[in-house]
Amino acid sequence: MDKLSSMLNEHINTFNSANTPEILRKINYFADTIINCIKHGNKVLIAGNGGSAADAQHFAAELVVRLKYNRDAIPVMALTTDTSIITAIGNDFGYDKIFSRQIEALGEPGDKFIGISTSGDSSNIISATNVAKELGICTFILTGKTGGELCSIIDTSNVIIAPSNNTARIQEFHEFVLHAIAEIVEDYFYKLEHK
């Protein structure tokens, strides 16, 4: 029981520490930017590793399918799902290129890329971020700990750092951020359809 209580308290403390005007503004900014991206006929690409890959797929599913409302599909693609592409890129070019190569193929100026890395040091998210920048694709990063190398290659206004050093707590906060963005985006388009 003490272990569970400690885990729950750590979770609560992470969320309390994240409940700041700066982080709330960034969540709204990410959502508003994605809304404008979709309104202009573009799409969102998203990627992460391990549990963050699952979070990327979850976010894409919420917007392509539905979160709360039946409405038109919203174009979001998780770059973590095509095993043939991922294994071919990993084999032929290296694992650090598994997302950047897909951005080269699928990304267009005006699209948005969301990279998830709990450490901020995932080489394939760094590579994807650099390629996105070269292609004129705005990148948002979800990370934790100190923010890692990603904070040195991207404008920090486009980075949300979960205030924790514990990977599980960081991932829990990232799930909240992605759900919040999905809900704001879906609410906007649902209301637009039902004017």
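## The largest cavity

About 60 Å³ of space lies in the largest cavity of this predicted model, a cavity being a set of points on a 1 Å grid over the protein atoms alone where a 1.4 Å probe fits but cannot get out. Its volume is the space filled by probe spheres set on the points. The whole structure has 1 cavity of 30 Å³ or more.

The lining (residues with an atom within 4 Å of a point) consists of Asp55, His58, Phe59, Glu62, Glu175, Leu178 and His179. The elements giving two or more residues to this lining are H3 and H8, and H3 supplies the largest share, 4 residues. By type, the lining has 2 nonpolar, 2 polar and 3 charged residues.

## The packing of H3 and H8

Helix H3 (residues 51–64) packs against helix H8 (residues 167–193) at an angle of about 15°, and their axes are 10 Å apart. H3 is therefore roughly parallel to H8, a term for angles under 35 degrees. The crossing of H3 past H8 is right-handed.

On the H3 side, the contact (heavy atoms within 4.5 Å) involves Gly51, Ser52, Asp55, His58, Phe59, Glu62 and Leu63. H8 contributes Gln171, Glu175, Leu178, His179, Ile181, Ala182, Val185 and Glu186. These contact residues comprise 6 nonpolar, 5 polar and 4 charged.

## Basis of the values

Residues are numbered from 1 along each chain as its sequence is written, and side-chain values use heavy atoms, leaving out hydrogens and water. In this predicted model, local features need pLDDT of at least 70 and side-chain atom pairs count only at pLDDT 80 or more, whereas totals for chains, interfaces and linings use all residues.

Notes. Axes are lines fitted to C-alpha atoms, for helices over the stretch in contact, and angles run from 0 to 180 degrees between N-to-C directions. Angles under 35 degrees count as roughly parallel, over 145 as roughly antiparallel, 65 to 115 as roughly perpendicular and the rest as oblique. A crossing is left-handed if the near helix is turned anticlockwise from the far one by less than a right angle, and right-handed if clockwise. Ala, Val, Leu, Ile, Met, Phe, Trp, Tyr, Cys and Pro count as nonpolar, Asp, Glu, Lys and Arg as charged, and the others, Gly among them, as polar. On a 1 Å grid over the protein atoms alone, a cavity is a set of points where a 1.4 Å probe fits but cannot get out, and a pocket is an open set with protein on both sides within 12 Å along at least five of seven lines; lining residues have an atom within 4 Å of a point.
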